[in-house]
Amino acid sequence: MTSQPAPGANQDRRRDAGRTRSEILAVATAEFARQGYTGARVDEIAALTHTTKRMIYYYFGSKEQLYTAVLEQAYAEVRSAERALEVDHLGPVEAIRTLAELTFDHHDAHPDFIRLVSIENIHRAEHIRTSPALANLGMPVVDLIGRILEAGRASGAFATTADAIDVHMMISAFCVFRIANQHTFEALFGRDLTAAKHRTRHRRMLGDMIAAYLTEGARANR
């Protein structure tokens with residue numbers, strides 16, 4: 001007589017597999033951010049997760065596929081936060097400021113994301129380019145900014161002709177710089193950009209800069 005799995009056994013196995021995969025991704029994220037794609041070792045990731053190199057390859061296929069999965073998860077997290085943002089009830093100036101502050105908060109809380117972006121730029125985005133999951137992941141935030149810009153122009157609050165990708169670049173540039181360049185900036189100018197005493201001022205500064213840029217022409221015409 002063939003024995004049947006206990007009730008819930010398959011669900012438990014799926015849960016354990018999901019947990020193992022998540023643990024591997026978490027450790028791999030830290031290792032790739034710390035050592036880079038070339039420097040990170042799958043053997044070390046296996047040791048830190050108390051699993052085996054064979055098990056990592058079972059879940060992800062290869063080191064390259066593991067690294068791509070890390071990138072996919074990192075980008076998906078920030079895009080998920082952007083999609084969850086509710087700004088339709090806000091005026092356009094407050095809406096774009098809120099989005100800018102959300103980006104600031106995310107990047108401030110996830111320095112490994114910034115390191116991964118920097119590393120992938122060193123590799124000329126070769127892994128991102130091959131990922132179907134990342135192909136259109138940037139479009140929701142661009143669409144959101146586009147809607148805010150359209151509302152601002154319609155109301156007369158915004159007069160600039162900047163497009164959504166330009167504005168996204170402006171927001172990202174500030175948020176990424178203070179994390180990616182914190183060590184060289186401190187060495188050259190003696191200021192730790194990520195120190196808690198600067199955080200509130202920098203967060204407000206970002207919102208002020210974006211709002212000022214978008215409203216400059218509208219103010220001049222009043």
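# Reading side chains, helices and cores in a predicted model

Me: With which residue does the side chain of D112 meet in a salt bridge?

Reply: Look for a side-chain nitrogen of Lys or Arg within 4 Å of a carboxyl oxygen of Asp or Glu. Here the partner of D112 is R115, with 2.7 Å from N to O. R115 counts as partly exposed because its relative accessibility is 34%.

Me: Where do D112 and R115 lie, and how many residues apart?

Reply: In an α-helix there are 3.6 residues a turn, so residues three or four places apart point the same way. D112 and R115 are both in helix α6, three residues apart, or about one turn. Elsewhere, salt bridges with shared partners connect E101, D105, D108, R178, R199 and R203 in one network.

Me: How many salt bridges does the structure hold?

Reply: The count is eleven. One of them joins D105 to R199, with the closest N and O atoms 2.8 Å apart. D105 belongs to helix α5 (residues 92-109) and R199 to helix α11 (residues 196-220), so read with the DSSP helix numbering the pair links distant parts of the chain, 94 residues apart.

Me: Which residues of α6 are buried?

Reply: The buried residues in α6 are F113, I114, L116, V117, I119 and E120.

Me: Which residues touch the most other members of the largest nonpolar core?

Reply: To read a core, take buried nonpolar residues and join those whose side-chain atoms lie within 4.5 Å. The largest core in this structure has 29 residues, and F32, I45, I56, L66 and L116 touch the most other members. Two or more residues come from each of α1 (9-39), α2 (42-48), α3 (53-60), α4 and α6 (111-122). The greatest contribution, eight residues, is from α4. A separate core has 24 residues, including I96, V142, A157 and L214.

Me: Beyond its neighbours within four places in sequence, which residues is I45 in contact with?

Reply: With those neighbours left aside, I45 contacts I24, V27, A28, E31, F32, I56 and L66.

Me: Is K63 buried or exposed, and how far away is the nearest side chain of opposite charge?

Reply: K63 is buried and has no salt bridge; E31, the nearest side chain of opposite charge, is 9.9 Å away. K63 is in helix α4 (residues 63-83). A polar atom of the K63 side chain lies 2.8 Å from the backbone oxygen of A40. Apart from neighbours within four places in sequence, K63 contacts F32, Y37, T38, A40, R41, V42 and Y57.

Me: Which residue follows α6, and what is its phi near?

Reply: R124 follows α6, with a positive phi near 60°. A125, also a residue other than glycine, has a positive phi near 60°. A125 is in the loop between α6 and α7 (126-129).

Me: Is A125 buried or exposed?

Reply: A125 is buried, because its relative accessible area of 19% is under the 20% cut-off.

How values were computed. Residues are numbered from 1 along each chain as its sequence is written. This is a predicted model: local features need pLDDT of at least 70, side-chain atom pairs count only at pLDDT 80 or more; totals for chains, interfaces and linings use all residues. Side-chain values use heavy atoms; hydrogens and water are left out. Helices (H or I, at least four residues) and strands (E, at least two) are DSSP runs, numbered from the N terminus. Buried means under 20% relative accessible area, exposed over 50%, partly exposed in between (1.4 Å probe, protein chains only). Lys and Arg count as positive and Asp and Glu as negative; His and the chain ends are not counted. A polar contact is a pair of N or O atoms within 3.5 Å; within protein, one must be able to donate a hydrogen and the other to accept it, and residues adjacent in sequence count only if both atoms are side-chain atoms. Contact means heavy atoms within 4.5 Å.
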